[in-house]
Amino acid sequence: MLGAWCLRRALRFCSSAPFPRHKPKAKLSVRDALGAQSTSGERVKVQGWVRSVRSQKEVLFLHVNDGSSLESLQVVADSSFDSRELVFGSSVEVQGQLVKSPSKRQNVELKAEKIEVIGKCDAKDNGFVNIHTPVITSNDCEGAGELFQVESSSKIKEPEENFFNVPAFLTVSGQLHLEVMSGAFTQVFTFGPTFRAENSQSRRHLAEFYMVEAEISFVESLQDLIQVMEELFKATTMMVLSNCPEDVELCHKFIAPGQKDRLEHMLKNNFLIITYTEAVEILKQASQNFTFTPEWGVDLQTEHEKYLVKHCGNIPVFVINYPLELKPFYMRDNEDAPQHTVAAVDLLVPGVGELFGGSLREERYHFLEERLARSGLREVYQWYLDLRRFGSVPHGGFGMGFERYLQCILGVDNIKDVIPFPRFTHSCLL
């Protein structure tokens, strides 16, 4: 989560150490720098984000990437440039000489004469607090009824006993607990296991999987959420590429040839945004025959999601403003009759379909009360409704399935191949 806010920091300098005052002849992207034919000491300027830092007694090594290449550019600097602000995720501008590298891992490296930290990336500045949300819960966040119920083994002998005095389930999401905590810490997240009792053998469903979820107070537009979601995807991916290059390359070479170029295409482009209504129109005009006929008011299927991404040039696409009847009770009403949509957003990515799901939450007491009453859930979620009575603020959040994320960046077709012990219907080995 650290990468999501790195660019919002004030202009800071890395070091006050003296350096030669040469005006750089050229500003290069990382891709161009790595592909440079001439390494005769040409002075250049490179801007990007720090992907790794290694400090030795007399030398400082950085790897910098700007999204133009999956490979990072190695920067070699005097140890006097080292700084607390020069950490993973911080944005920098490096000026220096492009020289031939003695290392076999790269042809060139940048010998730094000046390093300027454009934006700090610090965990404390970031503001997100990690919350350990419970695995056992009494609520159903998604409202779909696809839950695993938890009971003690003694209940088999004495069925009238209930360990928790209320029905308890394995969690399908930590969202509602995060909403509680966001009232105290503003920006919170969790990363843990979630469970869905879906009777599915598909290539993208598991009964147990991990999710990264975040909740942010004082968010008033989907655009704010979308920005965090896109930055999280890109920052996380660049970190994986920086720290696990051999593992990623292995998958790209033997499992998904061409995935390297597809991933690079995703990272260097801005993600697109379309409404649910626009998505349905695109699907209706498609020459492709779908198994499920696209209609307004009907949820998008995997085949629809993959077509939309392909239609958008294989760039991840945010679909926003879904029909109210398709989404859970906590999503904010857009008040846009006669369509009547909610401020929901899904991120669709190549090869997978839906990766992120999020929304603005309904912070208005009477709107939420009416929605819960219509669903027959008012009594069960009275505690959730009470949150809107005491200092409620506009807020929103999202979740990303971790195994689907691995599918996306590695090009793995079946979700069961990215987790050591997959759990799915009729299968719970070990």
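Buried means under 20% relative accessible area, exposed over 50%, and partly exposed in between, using a 1.4 Å probe and protein chains only. This is a predicted model, where local features need pLDDT of at least 70, side-chain atom pairs count only at pLDDT 80 or more, and totals for chains, interfaces and linings use all residues. Residues are numbered from 1 along each chain as its sequence is written, and side-chain values use heavy atoms, with hydrogens and water left out.

**View 1. W383 and Y384 pair up edge-to-face.** W383 comes out partly exposed because its relative accessible area is 33%. Y384 is at 0%, so it counts as buried. Their ring centres sit 5.7 Å apart, with 75 degrees between the planes. Rings of Phe, Tyr and Trp (its six-membered ring) pair if their centres lie within 6.5 Å; planes under 30 degrees apart are stacked, over 60 edge-to-face, and the rest tilted. For a charge to sit over a ring, NZ of Lys or CZ of Arg must be within 6 Å of the ring centre and within 35 degrees of the ring normal.

**View 2. The structure holds 15 aromatic pairs, and here's another one.** Y276 and W296 have ring centres 5.6 Å apart and planes at 75 degrees, so this pair is edge-to-face. Y276 belongs to helix α7 (residues 276–284) and W296 to the loop between α7 and α8, so the pair ties together parts that are 20 residues apart in sequence. Helices (H or I, at least four residues) and strands (E, at least two) are DSSP runs, numbered from the N terminus. Y276 has 0% relative accessibility and is buried, while W296, at 32%, is partly exposed.

**View 3. Ring pairs link a cluster of aromatics.** The members are F191, Y210, F233, F271, F318, F402 and Y405. K234 lies over the face of F271, 4.9 Å from the ring centre.

**View 4. N314 sits in the loop between α8 (302–311) and β15 (317–323).** With 37% relative accessibility, N314 is partly exposed. Leaving aside neighbours within four places in sequence, N314 is in contact (heavy atoms within 4.5 Å) with H265, M266, V309 and P350. The C-alpha atoms of N314 and V349 are 7.7 Å apart, although 35 residues separate the two along the chain.

**View 5. Two cysteines, C251 and C312, are buried.** The relative accessible area is 14% for C251 and 13% for C312. Counting disulfides as pairs of cysteine sulfur atoms within 2.5 Å, the total is 0.
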